[in-house]
Amino acid sequence: MASRRMETKPVITCLKTLLVVYSFVFWVTGAILLAVGVWGKLMLGPYISLIADNTTNAPYVLIGTGITIIIFGLFGCVATCRGTPWMLKLYAMFLSLVFLAELVAGISGFVFRHEIKGTFLRTYNEAVKEYNAEDERSLAVDNVQRSLHCCGVLNYTSWFTSVYYPARGLPRSCCADLSDCSPEDLRNSTVAPGKVYQQGCYELVTSFIETNMGIIAGVAFGIACSQLIGMLLACCLSRFITANQYEMV
């Protein structure tokens, strides 16, 4: 029996080393997920806010998962160094929950990427028609037009049906050059077309979101697959330690 314990010791040491390294990498991936989630929220926030009836929680899921991973990554290092079976089992259980959460986030981002076009065309049209330059949705429209250098849904003529247009013309966020784009110019239907961006925002926004949601989904899927390795290491180590303790009794 003593001989058997001697045989399992190198295995346990090897598994501990691998799991400590994995836990550190796991902690780093938590920081990456947190960064990607915050980046997704900041970069996609103005565009997502224009699609209120079919938005995605993927950035929030990634932020929450990233913070939790950072905490449990440290827990994993402690559990591995102490070699406590129940802590290792809890760590493996947590890794399985993280795997599911990241899978959901990845699928959400991937599905959302392909469903966005139909919804965005309708909701962005509504945002332009109800634009008042003051509410959150109107500010989001301004942000999109300034960031992507576009005007209107398909082009600047989309603003002709807006409640804002009869009194104030095109919004200043449509101006190609603010230094040469006065309120009087924007109210003049003859002059305004030469002062504003010619391209509409619809194609630019859908292309931007499809690309960036694809990045979020890809990162989530890639990190989720790595959780399987950690689950196997934690389960194997827990089993070897339990068996070793049993043989010592």
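Visitor: Is R122 buried, exposed or partly exposed, and why?
Guide: R122 counts as partly exposed, because its relative accessibility is 40%. Buried means under 20% relative accessible area, exposed over 50%, and partly exposed in between (1.4 Å probe, protein chains only). This is a predicted model, where local features need pLDDT of at least 70, side-chain atom pairs count only at pLDDT 80 or more, and totals for chains, interfaces and linings use all residues. Residues are numbered from 1 along each chain as its sequence is written, and side-chain values use heavy atoms, with hydrogens and water left out.

Visitor: Which side chain does R122 meet in a salt bridge?
Guide: That of E126, at 3.9 Å, N to O. A salt bridge is a side-chain nitrogen of Lys or Arg within 4 Å of a carboxyl oxygen of Asp or Glu. Both R122 and E126 lie in helix α3 (residues 85-129), 4 residues apart, about one turn of the helix. Helices (H or I, at least four residues) are DSSP runs, numbered from the N terminus.

Visitor: How many salt bridges does the structure hold?
Guide: It holds 3. Another joins R187 and E184, with the closest N and O atoms 3.8 Å apart. R187 and E184 both lie in helix α6, 3 residues apart. R187 is partly exposed, because its relative accessible area is 44%.

Visitor: And what does D180 form with K195?
Guide: A salt bridge, with the closest N and O atoms 3.0 Å apart. The pair links distant parts of the chain, 15 residues apart. D180 is in the loop between α5 (165-168) and α6 (183-187), and K195 is in the loop between α6 and α7 (201-248).

Visitor: Is K195 buried or exposed?
Guide: K195 counts as buried, because its relative accessibility is 19%. D180, at 41%, counts as partly exposed.

Visitor: New topic. Which residues make the nonpolar surface patch?
Guide: V21, F24, V25, W27, V28, I32 and L74, covering about 610 Å². Patches are made of residues with over 30% relative accessible area and no salt bridge; like charges are joined within 9 Å, nonpolar side chains (Val, Leu, Ile, Met, Phe, Trp, Tyr) within 5 Å. Areas come from the Shrake-Rupley method with a 1.4 Å probe.

Visitor: Which helix gives the largest share of the nonpolar patch?
Guide: Helix α1 (residues 2-48), with 6 residues. L74 lies in helix α2 (residues 58-82). L74 is exposed, because its relative accessible area is 51%.

Visitor: Which residues gather in a patch of negative charge?
Guide: E130, E134, D135 and E136, on the surface. Asp and Glu count as negative. E136 is in helix α4 (residues 136-148).

How values were computed. Helix = DSSP H or I, 4+ residues; strand = E, 2+ residues; numbered from the N terminus. Charge placed at Lys NZ, Arg CZ, Asp CG, Glu CD.
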